[in-house]
Amino acid sequence: MAARSSAPEKRPGFFSQLKTLYRFTVEAYSWLPYLLIGILLAGVALGVGIGFLVPPVAVWSVILWGFTGLLFGVLAALMTMTRLSTTAMYKKIDGMPGAAGHVLSTSLGRKWQSGDMPVGVNPRTQEAVYRAIGRGGVVIVGEGARGRLTRLVGDERAKVQRVASGVPVTVIYVGHGDDEVPIAKLSSTIKSLPKKIDRATMAAVIKRIDSVSQSLASMPIPKGIDPTKVRAPRPR
C-alpha cells in the first residue's frame with residue numbers, strides 16, 4: 001500500500017485559474033472574445049493617442065505610452081471578465097435548490113455570518129430556509145415556493161425572537177415575483193440593510209441562536225448545485 005503523501009495539495013496557478021474563468025464565462029457569453037480584444041485595442045489606441053499629445057513626441061515615447069495603454073487594457077479586460085463571470089454564475093444557479101445558500105456563504109463578506117446549509121428544510125418539496133446574522137439584525141431567506149415556505153419561515157422567526165428579543169428580523173423570499181428578490185440581488189439587498197445592532201450584540205445573538213439550533217445533519221439536504229463546480233473562479 002502506497003504511503004499517503006503529507007505534502008499540501010497544490011492549488012491552481014494564476015494562469016490556470018484565468019483559463020478556467022474564461023471558459024466558464026464564454027459558455028454564457030459567446031461574444032466575450034471580441035469584447036476582450038476590443039478592450040485591449042482601445043487601451044493601446046488610447047495610450048498611443050496620449051503619446052502623440054504629450055511632448056516630447058518621439059517614437060520611444062509613443063511606444064512607451066502604447067505599452068502603458070496595453071497594460072491598462074489588460075486590467076480593464078480582467079475586471080470586465082470577472083464581472084461577467086459573476087453575472088454568468090447567477091444566471092446558471094438561478095432557480096436551483098441551494099442557490100441561496102451558495103450566495104449567502106460566499107458573497108456577504110465578514111460582516112455577516114451565514115452558511116450554505118439550510119436551517120430549515122422540507123425534504124419532500126426541497127423548500128429551504130437560510131439564516132444570516134449581521135449588523136442589520138437577523139435575515140431569514142426563503143428559497144422555493146412561497147406558499148409552502150410559510151411554516152418554515154414562521155418557525156425560524158419564532159426561534160430567533162425567542163432567544164434574541166428586540167433584534168430586528170428581516171424575511172426575504174428568493175424569486176422573481178412581487179416582493180421577492182432575484183438571486184443576483186440577494187447579497188446586495190442584505191448588505192444594504194441599515195445597521196441596527198452593535199458588534200457585541202451581534203456576537204451575543206450568534207451565540208444564542210447557535211445554542212438552540214438543531215442539527216440538520218440527519219435531514220436530507222436539497223440536491224442542487226455543487227458550489228465548487230458552479231462558482232466562477234477569480235484570478236489571484
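Modeller: One term to begin with: buried means under 20% relative accessible area, exposed over 50%, and partly exposed in between (1.4 Å probe, protein chains only). This is a predicted model, where local features need pLDDT of at least 70, side-chain atom pairs count only at pLDDT 80 or more, and totals for chains, interfaces and linings use all residues. Residues are numbered from 1 along each chain as its sequence is written, and side-chain values use heavy atoms, with hydrogens and water left out.

Biologist: OK, how exposed is Q126?
Modeller: Q126 is partly exposed, at 32% relative accessibility.

Biologist: And what about its phi?
Modeller: Q126 is not a glycine, yet its phi is positive, about 70°. Most residues other than glycine have a negative phi.

Biologist: Where does Q126 lie?
Modeller: In the loop between β2 (120–121) and β3 (128–134). Helices (H or I, at least four residues) and strands (E, at least two) are DSSP runs, numbered from the N terminus.

Biologist: What's the story with D179, then?
Modeller: D179 also isn't a glycine, and has a positive phi of about 60°. D179 is in the loop between β5 (169–174) and α6 (186–191), and counts as exposed at 71% relative accessibility.

Biologist: Which residues does a cis peptide bond join?
Modeller: P55 and P56, with omega about 0°. P56 is in the loop between α2 (32–53) and α3 (59–93). Most peptide bonds are trans.

Biologist: Switching to S187: buried or exposed?
Modeller: S187 is buried, with a relative accessible area of 7%. S187 is found in helix α6.

Biologist: What is S187 in contact with?
Modeller: Leaving aside neighbours within four places in sequence, S187 is in contact with V103, S107 and L108. Contact means heavy atoms within 4.5 Å.

Biologist: Now the helix pair. At what angle do α5 and α7 pack?
Modeller: About 125°, with the axes of α5 (residues 150–163) and α7 (residues 199–212) 9 Å apart. Axes are lines fitted to C-alpha atoms, for helices over the stretch in contact, and angles run from 0 to 180 degrees between N-to-C directions.

Biologist: Which residues make the contact?
Modeller: K159, V160 and V163 of α5, and R208, I209 and V212 of α7.

Biologist: How many nonpolar, polar and charged residues is that?
Modeller: Four nonpolar, no polar and two charged. Ala, Val, Leu, Ile, Met, Phe, Trp, Tyr, Cys and Pro count as nonpolar, Asp, Glu, Lys and Arg as charged, and the others, Gly among them, as polar.
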